[in-house]
Amino acid sequence: MIDNPCILNDVTRCIGCEECVAACKKINGMPVEDGPPRLGHSKDGLSATRWTSIFRRPDEVSVRKQCRHCFEPACVSVCPVGALIKTPEGPVIYDKAICMGCRYCMMGCPYGIPHYEWNSINPSVRKCILCYDKLKSGEIDKPACVNACPKEATTFGSQEEMLAEARRRLAAEPEKYIQHIWGEHEVGGTSVIYISHVDLGFLAWQDKKYLGTEPLPDRTWAALKKVPLEFLGMASFMTATWWVIDRRMRLAAEAPGEKVTEAPETTEDEGGER
Ligand code: SF4
Ligand code: SF4
Ligand code: SF4
């Protein structure tokens, strides 16, 4: 596996076909389709079973979203038990066996990436792992999403190669692109970078237009460590509530001859996920 692996997303080339989404689901053994957005989905389409999504803007520009694999990841810094790990090669991965479900990582990530398996009795936090295991074992030589893209809207190489390619494209067609490489410096630099003809500030959580170039770990942990007990209590309460509602719905659906009363659909925002 190459050191400092990097994905370059070129928004100008994306046709929104979602081949990347399907390939990610397939290689990671996730359901082919989740159906319409429901509990567990965020507004941008990411969920515990959808680690990359295509954000469709009103102007019909399609923008792929996934974990940025930050050089100094806030998710790693806020995890109290070390369940999120920055690997020596670069990708940020997750150890389910260690995770205690506090969801600090979801609060800390500046891009709203980690998602929680709300409808599982043994839930985990899920997100893109940059196909780390399969790249490391040599089973694949590039991430499945990159391999599937028919337009080379998403390409793979070392950080140096992808930055060089991004600069080459910006220089070759200056009128086509905004002269900026998203992720070269934001939050200290990321291993998923973007070039585009539209401003991509909207990809950050809560539409923060400018995240700054400083790494976030110190700031996020300083804020989160002030509310650990309250947050853990709320997280546990939300999980328990969902489990009870889900179980009642299943029992009602299984009961022969009984009228099934559908519980009101809970949106992700209401469920506390983002
Ligand atoms: S984008 Fe979010 S989840 Fe991904 S490495 Fe950075 S902080 Fe962690
Ligand atoms: S790098 Fe791998 S895990 Fe991440 S979005 Fe692409 S296929 Fe999915
Ligand atoms: S496969 Fe390529 S062109 Fe299709 S949606 Fe994904 S990034 Fe865009």
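# Briefing: cavity, ligands and a strand hairpin

The largest cavity of this predicted model holds about 140 Å³ of space, where a cavity is a set of points on a 1 Å grid over the protein atoms alone at which a 1.4 Å probe fits but cannot get out, and where a volume is the space filled by probe spheres set on the points, joined across faces, edges and corners. Because this is a predicted model, local features need pLDDT of at least 70 and side-chain atom pairs count only at pLDDT 80 or more, while totals for chains, interfaces and linings use all residues. Residues are numbered from 1 along each chain as its sequence is written, chains are lettered from A and ligands numbered from 1 in the order in which they are written, and side-chain values use heavy atoms, with hydrogens and water left out.

**The largest cavity**

- A search of the whole structure finds four cavities of 30 Å³ or more.
- The largest cavity is lined by 19 residues, lining residues being those with an atom within 4 Å of a point, and Cys14, Cys20, Ile54, Cys149 and Ala153 lie nearest its centre.
- Strand S1 (5–10), helix H1 (19–27) and S3 each supply at least two residues of this lining, with S3 giving the most, at three residues; helices (H or I, at least four residues) and strands (E, at least two) are DSSP runs numbered from the N terminus.
- The lining divides into ten nonpolar, four polar and five charged residues, where Ala, Val, Leu, Ile, Met, Phe, Trp, Tyr, Cys and Pro count as nonpolar, Asp, Glu, Lys and Arg as charged, and the others, Gly among them, as polar.

**The ligands**

- Ligand 3 sits in the largest cavity, in the sense that more than half of its atoms lie within 2 Å of the grid points.
- The residues surrounding ligand 3 include Cys14, Cys17, Cys20, Arg64 and Cys149, a residue being near if one of its heavy atoms lies within 4 Å, and this shell has eight nonpolar, one polar and three charged residues.
- Around ligand 1 there are 14 residues, of which Cys67, Arg68, Cys70, Cys75 and Cys109 come nearest.
- The shell around ligand 2, with Cys24, Cys128, Cys131 and Cys145 among its members, has nine nonpolar, three polar and no charged residues.

**Strands S2 and S3**

- Four bridges join strand S2 (residues 53–56) to S3 in an antiparallel arrangement, strands being paired if DSSP finds at least two bridges between them, and Ser53 stands opposite Lys65 in S3.
- S2 and S3 form a hairpin with five residues between them, and Glu60 in the turn has a positive phi of about 70°.
- Both faces of S3 (residues 62–65) are covered, with Ser62 and Arg64 on one side and Val63 and Lys65 on the other all buried, that is, under 20% relative accessible area (1.4 Å probe, protein chains only).

Note on methods. 1 Å grid on protein atoms, 1.4 Å probe; cavity = no way out; pocket = protein on both sides within 12 Å on 5 of 7 lines; lining within 4 Å. Buried < 20%, exposed > 50% of the residue type's maximum accessible area, 1.4 Å probe, protein only.
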